[in-house]
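Hi,

Here is the structure I promised to pass on.

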Amino acid sequence: MPSLPVSAIRRPCLGACLVILSLALALPATVQGQAQPSPALQEAYFAWDEGRYVEAVEGYLEVLGGPDGQGHAQEVALLTGELHPVLEVDDDGRTLAISPDGRFIQWSRQVDGEWMTFVAPTPEAGELPGEPHGFAARTGSLSAGGHFAWLDDDRLRIHHLETDDAREIALDGLRPVAVTFAPEGEELYLNAGREGDGDRVHIFRLASPEWTPQRLELGEGHAAQPQPVAGGRYLVFSRVSQSPLSVPEGQAETETLETGPGVLELETGRLTTFSGGSPSVGADGSVVAWLDSSPEGENRLRALRLPDAGFSASAPRPLTLVETSDRLNNPAVAPDGSRVAYQAMPRVRWELFTASVPAGGEGEPQVEQVTREVQHDQFPAWISDTQLLGMKGEFRHRRSYLNDLESGEAYRLFHNNTLRTIAPEYEWVPDPLSRGVLLVAERDGDTIAPERAVFWVDLTRTVSHDEVVGRLEAALAHERDLLERGREHFAPIADEVRAAADAVSVGRIYHYAEALYSFGPKWAADPGNQEAIEYLAETLASWGYEPELQWFEAGGRAGGVRTANVVATLPGTENPELIYLISSHFDSVLRSPGADDNSSGTTALLEAARVLADRPQRATIQFVFLTAEEAGLLGAREYVRRAEADGLHVAGVLNNDMIGFTRSHRLDNTIRYSNDGIRDIQHAASHMFSDLITYDARYYRGTDAAVFFDAYGDIVGGIGSYPVLHNPHYHQHSDELWTINQRLVAAVSRTTVASIMSLADGPSRVTGLHRVEEEAELAFAWDPAPEAMVTAYQVRVQTPDGEWVELEPVTEPRVQVPSELEAVEVAVRAVGAQGRTSFDDRRLHRDEW
């Protein structure tokens with residue numbers, strides 16, 4: 001494939017790079033065209049870097065509209081989103097594959113509750129050139145010859161994708177596990193057990209045209225994960241200690257314990273085995289690599305060259321490419337076998353490396369470090385012999401980066417081209433012909449919906465100048481609207497909110513953090529947990545609160561120890577029965593100080609409680625310090641149990657978790673929300689009242705926020721790290737006080753103060769919206785707002801074409817839709833003092849009428 005333009009999303013160097021800033025990131029001439037260094041581009045870049053997105057995008061559009069605009073298009077594309085065109089292949093999918101010849105792509109998804117596997121021609125020019133084939137299979141295997149094979153109970157089925165010829169092979173007496181085509185497509189390999197042979201699994205070879213299973217002699221134990229080698233001379237496989245037929249329910253087959261690779265010379269039947277982990281084979285079939293341990297306990301990366309003429313009489317001797325005390329994982333052999341990529345952990349985070357494979361076993365392997373970033377870099381996969389795909393981040397927010405090994409540059413491969421919403425990725429398969437990458441991602445940032453879409457990133461093309469302009473204009477319009485709505489929302493109380501946010505003290509936050517750190521680990525059963533409870537209660541009492549200690553026995557992983565939530569209440573001045581929560585858990589995992597997870601959230605919450613102690617709002621605010629989150633969200637469950645028993649009306653929830661670690665000079669975090677209105681309020685709060693740069697994701701699973709969502713519905717917001725869980729000290733003993741940026745914690749505290757003041761000062765979300773059945777015309781009613789300040793209700797109706805029509809405000813909790821409007825959805829907000837509205841609509845779709 002042609003040399004790709006590589007450069008950004010690395011931080012720019014200063015000094016000389018600023019002088020030549022054709023991006024401040026030194027893009028190659030093939031990207032730059034004839035564009036000259038642009039001071040306007042510099043200014044736009046630094047505005048972007050500081051989170052001043054309106055100014056930044058306006059600057060980029062000015063550059064793109066100038067005389068050198070065409071020459072700057074790709075560098076702007078890299079800085080603001082995707083360089084390559086992206087095609088959505090399906091709106092849901094898993095278990096990706098591409099045929100060895102690159103002609104077909106494969107993915108699986110559920111349809112009407114049943115698994116289906118789809119196979120389609122590889123995308124060309126931004127579209128699928130043909131309709132997908134659908135097969136009633138959980139997964140299968142593609143060949144270079146256009147065949148697709150899958151298992152159907154005790155039968156093997158083979159379908160030719162171009163001729164529609166189909167074969168069915170009975171597997172009498174076998175218990176099939178998986179099937180794999182050889183690269184050339186004339187053979188396939190079946191992993192299966194045999195009746196009467198216990199749970200032992202074997203590998204069977206089936207050759208065209210008869211496809212009769214022939215068991216291969218692979219020694220004792222279980223044989224799995226067959227990898228037929230290009231050229232047809234060898235089969236590489238894994239010897240495993242646990243049979244795939246006996247994997248406990250709920251455990252993935254890939255979690256079976258591996259004991260080492262095996263290499264079978266197919267012509268002679270000669271078998272060679274090694275100890276270690278799962279093997280990787282290069283596309284050209286010349287090298288196999290794996291990990292093992294030396295007799296002294298060092299971790300090793302090993303490689304074996306597979307000779308074209310077969311092994312000699314003497315036992316083949318593998319090469320040791322790396323020997324280290326560092327953790328190693330995921331070896332991947334380059335397509336031409338010249339080197340092996342792998343991940344290592346020289347400190348607290350994974351980094352990507354390559355090690356050369358000396359030709360003929362002569363010479364020392366050359367080790368090169370590919371990545372150097374504070375986040376984890378994992379799962380290397382080769383795009384070409386000189387381009388390596390890597391995954392940055394923790395599993396809830398991984399992002400693919402293309403690393404060019406010749407230039408040393410890297411850039412992010414997939415994005416959603418928005419300013420605020422993250423796009424986590426989950427699976428990646430490079431095309432064998434280097435034309436693209438097939439991946440699974442949540443492009444809309446919705447981590448809650450079960451669907452995860454399948455995308456094709458087209459590496460043969462780059463986005464055009466007009467496409468970059470179009471996406472920037474859309475992003476600018478969205479950002480302007482977001483900020484303008486935020487200003488309007490906060491306008492009546494902006495001065496009061498600003499005074500409160502300005503009162504947040506970085507020094508005080510550090511003081512709280514230092515005290516909590518001194519207690520050591522705060523796992524529910526640790527002494528530090530009890531000390532933290534006492535400290536929180538005493539500190540809150542010193543500000544005039546009367547803290548409630550919610551003692552309970554924390555079962556499960558906490559072992560039945562007594563622990564307590566600490567709750568401080570700031571009564572409302574007009575509607576004390578309405579409660580808005582700010583919550584953070586204060587416990588940690590075992591043996592971790594928990595400075596980020598989650599003393600950072602705890603200290604931000606403490607400072608919010610101090611600042612608001614003499615600033616009561618119309619509704620009640622509760623500051624909820626939760627225990628035993630790490631033991632199974634137990635503190636949140638106990639709070640909800642008591643709140644339900646006491647009949648509390650919880651109208652909104654903010655939950656902050658892991659907010660204090662930053663990988664650079666930027667103060668950025670992610671709004672993790674279920675409610676769009678709370679999300680937008682928090683964006684506005686951060687922009688107007690703090691230095692915090694906020695992104696967003698529909699995300700609450702696995703956190704205390706999930707408990708509140710289950711109990712109270714769609715009224716949840718809050719803040720966590722950006723990228724999500726990117727802290728390499730997460731759940732480690734190294735989660736120390738010195739790793740925390742207290743200015744970032746203070747910025748989150750200011751944003752939280754502003755957000756909760758907005759929620760508790762305005763009308764709550766409308767409840768009880770329903771269609772009035774007895775009306776002849778289309779009419780709706782809802783519960784009267786509990787706030788005396790509510791004077792009216794805004795009502796909007798969506799029509800079939802997607803347009804929203806705003807009706808005249810009503811003063812009673814009911815409305816009749818004009819007969820000339822065909823309504824698809826209705827949305828209602830309460831309107832209170834100074835025109836302030838509910839934080840979000842209450843909506844009802846036609847499907848719910």
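Below is what I found, from the whole chain down to single residues.

A word on the ground rules: this is a predicted model, so local features need pLDDT of at least 70 and side-chain atom pairs count only at pLDDT 80 or more, while totals for chains, interfaces and linings use all residues. Residues are numbered from 1 along each chain as its sequence is written, and side-chain values use heavy atoms, with hydrogens and water left out.

Overall picture

The chain has 14 helices and 48 strands; these are DSSP runs numbered from the N terminus, with helices being H or I of at least four residues and strands E of at least two. Its C-alpha trace spans about 90 × 70 × 65 Å along the principal axes.

Buried residues make up 58% of the 849, where buried means under 20% relative accessible area, exposed over 50%, and partly exposed in between, using a 1.4 Å probe and protein chains only. The accessible surface comes to about 33,500 Å², and carbon and sulfur atoms own 47% of that (Shrake-Rupley method, 1.4 Å probe; for residues, only the protein chains shown count as cover). Of the contacts with a separation of 6 or more, 61% are between residues 24 or more positions apart; a contact is heavy atoms within 4.5 Å.

Helix H10

H10 covers residues 595-612, and its end C-alpha atoms are 24 Å apart, in agreement with the 26 Å that 18 residues should span at 1.5 Å a residue (the expected span is 1.5 Å times one less than the number of residues). H10 is also mostly covered, with 18 of its 18 residues buried.

Salt bridges

A search of the whole structure turns up 51 salt bridges, meaning a side-chain nitrogen of Lys or Arg within 4 Å of a carboxyl oxygen of Asp or Glu. Side chains of opposite charge can pair when their charged atoms come close.

One of them joins Arg 109 and Asp 90 at 2.7 Å, N to O. That pair ties together distant parts of the chain, with Arg 109 in strand S3 and Asp 90 in strand S1 (residues 86-90), 19 residues apart. Arg 109 is buried at 17% relative accessible area, and Asp 90 is buried at 14%.

Asp 152 and Arg 157 also meet at 2.7 Å, N to O, but here Asp 152 is partly exposed at 27% and Arg 157 partly exposed at 24%.

Pro 100

Where does Pro 100 lie? It is in the loop between strand S2 (94-98) and strand S3 (104-111). Pro 100 counts as partly exposed because its relative accessibility is 37%. Leaving aside residues up to four places away in sequence, Pro 100 touches Leu 142, Ser 143, Ala 144, Pro 183 and Pro 432. From Pro 100 to His 726 is 34 Å, C-alpha to C-alpha, and the two are 626 residues apart in sequence.

Cheers
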